[in-house]
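These are my notebook entries on one structure. I looked up its elements and several of its residues in turn.

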Amino acid sequence: MAKKASEEPRMIMLSGDVNEKHISDAIEELFTFDFKDSKEPIHMILSTYGGYLHEMFALYNAMHAISAPIYTIGLGKIMSAGVLLLA
């Protein structure tokens, strides 16, 4: 039997500043998606002028800590800390 595509989109939007609130929300979503299905990819859409370095590294570390593949997509402005997350 073929595996059904997830009904819930596995997408995270990070727009605006890279700050504690935005990053903690993104990390929570990452771990939630990974807990539900660690094989299905997660799409992360970025559009940011950047922000705080420590928060960026918290998200970067979370992205490497989960098993699910993550595809990053840059839309519009990708600057400063956003460049490292996109890469």
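**Entry 1: The two helices**

I first looked up where two helices touch: Glu 20, Ile 23, Ala 26, Ile 27, Leu 30 and Phe 31 in α1 meet Glu 55, Ala 58, Leu 59, Ala 62, Met 63 and Ala 65 in α2. Contact here means heavy atoms within 4.5 Å. I noted that the residues of this contact divide into 10 nonpolar, no polar and 2 charged. In this scheme Ala, Val, Leu, Ile, Met, Phe, Trp, Tyr, Cys and Pro count as nonpolar, Asp, Glu, Lys and Arg as charged, and the others, Gly among them, as polar.

Before going on, I recorded that the model is predicted, that local features need pLDDT of at least 70 and side-chain atom pairs count only at pLDDT 80 or more, whereas totals for chains, interfaces and linings use all residues. Residues are numbered from 1 along each chain as its sequence is written, and side-chain values use heavy atoms, with hydrogens and water left out.

I then looked up how the helices are placed. The axes of α1 and helix α2 (residues 53-65) come within 9 Å and cross at roughly 5°. The two helices are therefore roughly parallel, a term for angles under 35 degrees, while over 145 is roughly antiparallel, 65 to 115 roughly perpendicular and the rest oblique. Axes are lines fitted to C-alpha atoms, for helices over the stretch in contact, and angles run from 0 to 180 degrees between N-to-C directions. Helices (H or I, at least four residues) and strands (E, at least two) are DSSP runs, numbered from the N terminus.

**Entry 2: The sheet**

In what order do the strands of the open sheet stand? I found 3 strands in the order β1-β2-β3, with parallel pairing. Two strands pair if DSSP finds at least two bridges between them. The edge strands, each pairing on one side only, are β1 (11-18) and β3 (70-78). From one strand to the next, the twist averages 20°.

I counted on 7 bridges between β1 and strand β2 (residues 42-51). Along this pair, Met 11 stands opposite His 43 in β2, and Val 18 has Gly 51 as its bridge partner. Helix α1 (residues 20-36) lies across β1, β2 and β3 and runs at about 165° to β1.

**Entry 3: The core**

Next I looked up the largest nonpolar core. A nonpolar core is a set of buried Ala, Val, Leu, Ile, Met, Phe, Trp, Tyr and Cys residues joined through side-chain atoms within 4.5 Å. Buried means under 20% relative accessible area, exposed over 50%, and partly exposed in between (1.4 Å probe, protein chains only).

Which of the 19 residues in this core touch the most other members? They are Ile 12, Leu 30, Ile 42, Met 44, Leu 59 and Leu 85. At least two residues each come from β1, α1, β2, α2 and α3 (81-86). The most, 5 residues, come from α1. In soluble globular proteins, nonpolar side chains tend to be buried together.

**Entry 4: Single residues**

I began with β2, which is mostly covered, 7 of its 10 residues being buried. Ile 45 is in this strand, and its relative accessible area of 12% makes it buried. Not counting residues up to four places away in sequence, Ile 45 touches Met 11, Ile 12, Met 13, Leu 14, Ile 73 and Leu 75. Ile 45 and Met 11 are 34 residues apart in sequence and 7.4 Å apart in space, C-alpha to C-alpha.

Is Leu 14 buried or exposed? Leu 14, in strand β1, is buried, at a relative accessible area of 1%. Beyond four places in sequence, its contacts include His 22, Ile 23, Leu 59 and Leu 85.

Thr 72 is in strand β3 and is partly exposed, with a relative accessible area of 26%. Leaving out residues up to four places away in sequence, Thr 72 touches Met 44, Met 63, Leu 85 and Leu 86.

Asn 61 lies in helix α2 and counts as partly exposed, at 48% relative accessibility. The C-alpha atoms of Asn 61 and Ile 27 are separated by 9.5 Å, although these residues stand 34 residues apart along the chain.

Lastly, I looked up Ser 80, in the loop between β3 and α3. Its phi is near 50°, a positive value in a residue other than glycine.
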